[in-house]
Amino acid sequence: MKAKIGDVASRAGVSPTTVSRVLNNRGYISQETKDRVYKAMNELNYFPNDLARSLFNKRTNLIGLIVPSTSNPFFGELSFHIENICASMGYKVLLCNSLNQIDKEENYVNMLMRNQVDGIIAAAHYNREILSYNKQNIAVVAVDRYLSDTIPVVGSDNYAGGTMATELLLSRGCKHIVHINSPMELDTPASLRRKAYEEAMAGHGKEPVIFEVNAPFDQKENQTVIRRIFDEYPQVDGVFASNDLQAASFISEARRRGKSIPDEIKVVGYDGTETALMLLPELTTIRQPISLIAQSAIDLLIKEIEGQFGDLPHETYLPVELVEGSTA
């Protein structure tokens, strides 16, 4: 039979109230008493009821995390860091892969609300229902997504990264540089990579050439757009891709067509994840500080959970780093 709190109390020689206070870390209790309670729990294989404790503490210690897809190296690494940091702070993470499907995001939103999560970190942007969270006093922080004027955004310095990438290609003698990016309608901080590219090109008297990927996390669409670049803009000699998967796909297609990287075409990616650099160590890319992005998002979320909604920065952008490989 499953042990109950009364069984632990009897085994430890204390009252059920004392066991409850030990589990919830409330009031002064001697270390000797704590040791007896935990010893009794181990002997009886007793596990606290998290739901009951959450009702007592008015917290569930649950954090919701919505990402487009953990199969994307950036979001996979981001999820890893967020879960790891949250675990060290006593929080559990409910991970939601939206796959860029509005109905799926809506279902996840409802699920998170039903589970009464303490807060949500949103790295997906197709479901603006998230805007209603603040009306319900739910703590929300966005990663690289604009959700509302009241929801803080954390990400990398996209403009600086876009400038670094474009200036590097220009300094290497590229004259026909293509930028691969998402449609401007998505209105994300990542659009600043595009703005930086356009302004850097204009500053050097070059015409910006942009190929848009409507579904940036769909590898088939990425490949379709990359084939269009070769077919419609054969003079391309430099590429700044908005993520490393696009850069890797471009390099693969270039080699398939007999193009030499970097002799004929130079390529710079964006993200610099451990996975991408392990599989393609020669890639030149802009590395985002993913662990710092995760930590900053959690720090802001905890402040919101504690009720500090008023004095938080609306936008937090962390410095990027140019990783020079041999593709540029």
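I take helices (H or I, at least four residues) and strands (E, at least two) as DSSP runs, numbered from the N terminus. The model I have open is predicted, so I take local features only at pLDDT of at least 70 and side-chain atom pairs only at pLDDT 80 or more, while totals for chains, interfaces and linings use all residues. I number residues from 1 along each chain as its sequence is written, and side-chain values use heavy atoms, with hydrogens and water left out.

**Entry 1**

I looked up Asp144 first. Asp144 lies in the loop between strand S4 (139-143) and S5. Its phi is positive, about 55°, although Asp144 is not a glycine. I call a residue buried under 20% relative accessible area, exposed over 50%, and partly exposed in between (1.4 Å probe, protein chains only). Asp144 counts as buried, at 6% relative accessibility.

Asn61 came next. I find Asn61 in the loop between helix H4 (50-57) and strand S1 (62-67). Its phi is positive too, near 55°, and Asn61 is not glycine. Asn61 is partly exposed, because its relative accessible area is 31%.

**Entry 1: a cis peptide bond**

I checked omega at Pro262. The peptide bond from Ile261 to Pro262 is cis, with omega near 10°. Pro262 sits in the loop between helix H10 (244-256) and S9. As background, most residues other than glycine have a negative phi, and most peptide bonds are trans.

**Entry 2: the chain as a whole**

I noted the totals. The protein chain has 12 helices and 12 strands. Its C-alpha trace spans about 80 × 40 × 30 Å along the principal axes. Of the 328 residues, 49% are buried. I count a contact when heavy atoms are within 4.5 Å. Among contacts between residues at least 6 apart in sequence, 68% join residues at least 24 apart.

**Entry 3: helix H3**

Helix H3 (residues 31-44) has 14 residues and should span 20 Å; its end C-alpha atoms are 20 Å apart, so the two agree.

Which residues of H3 are buried? I list Thr33, Val37, Ala40 and Met41. They cover an arc of only 100° around the axis, which puts them on the same side of H3. The arc is taken from the directions from the helix axis to the C-beta atoms. On the other side of H3, Gln31, Glu32, Lys39 and Asn42 are exposed. What covers the buried residues of H3 includes helix H1 (5-12) and helix H2 (16-23). Asn45 follows H3, and its phi is positive, near 55°.

**Entry 4: strands S5 and S11**

I went to strand S11 (residues 315-318). Thr316 and Leu318 form its covered face, Glu315 and Tyr317 its uncovered one. Two strands pair if DSSP finds at least two bridges between them. Strand S5 (residues 153-156) pairs with S11 in the parallel sense, over four bridges. Val153 stands opposite Glu315 in S11.

**Entry 5: cavities**

I ran a 1 Å grid over the protein atoms alone; a cavity is a set of points where a 1.4 Å probe fits but cannot get out, and lining residues have an atom within 4 Å of a point. Grid points are joined across faces, edges and corners, and a volume is the space filled by probe spheres set on the points. How many cavities of 30 Å³ or more are there? I count two cavities.

The largest cavity holds about 270 Å³. It is lined by 21 residues, and the closest to its centre are Arg145, Ser182, Ala190, Arg193 and Phe217. Helix H5 (73-88) and helix H8 (191-203) are the elements that give two or more residues to that lining.

H8 has 13 residues and reaches 18 Å from its first C-alpha to its last, close to the 18 Å expected. Its buried residues are Ser191, Arg193, Arg194, Ala196, Tyr197, Ala200 and Met201. They pack against several elements, including helix H7 (158-171), strand S6 (177-181) and strand S9 (266-271). Gly205 follows H8 with a positive phi, near 70°.

In helix H5 I picked out His81. His81 is buried, with a relative accessible area of 17%. Not counting residues up to four places away in sequence, His81 touches Ile290, Ser291 and Ala294. The C-alpha atoms of His81 and Arg227 are separated by 34 Å, and the two residues are 146 apart along the chain.

Note on methods: The expected span of a helix is 1.5 Å times one less than its number of residues. On a 1 Å grid over the protein atoms alone, a cavity is a set of points where a 1.4 Å probe fits but cannot get out, and a pocket is an open set with protein on both sides within 12 Å along at least five of seven lines; lining residues have an atom within 4 Å of a point.
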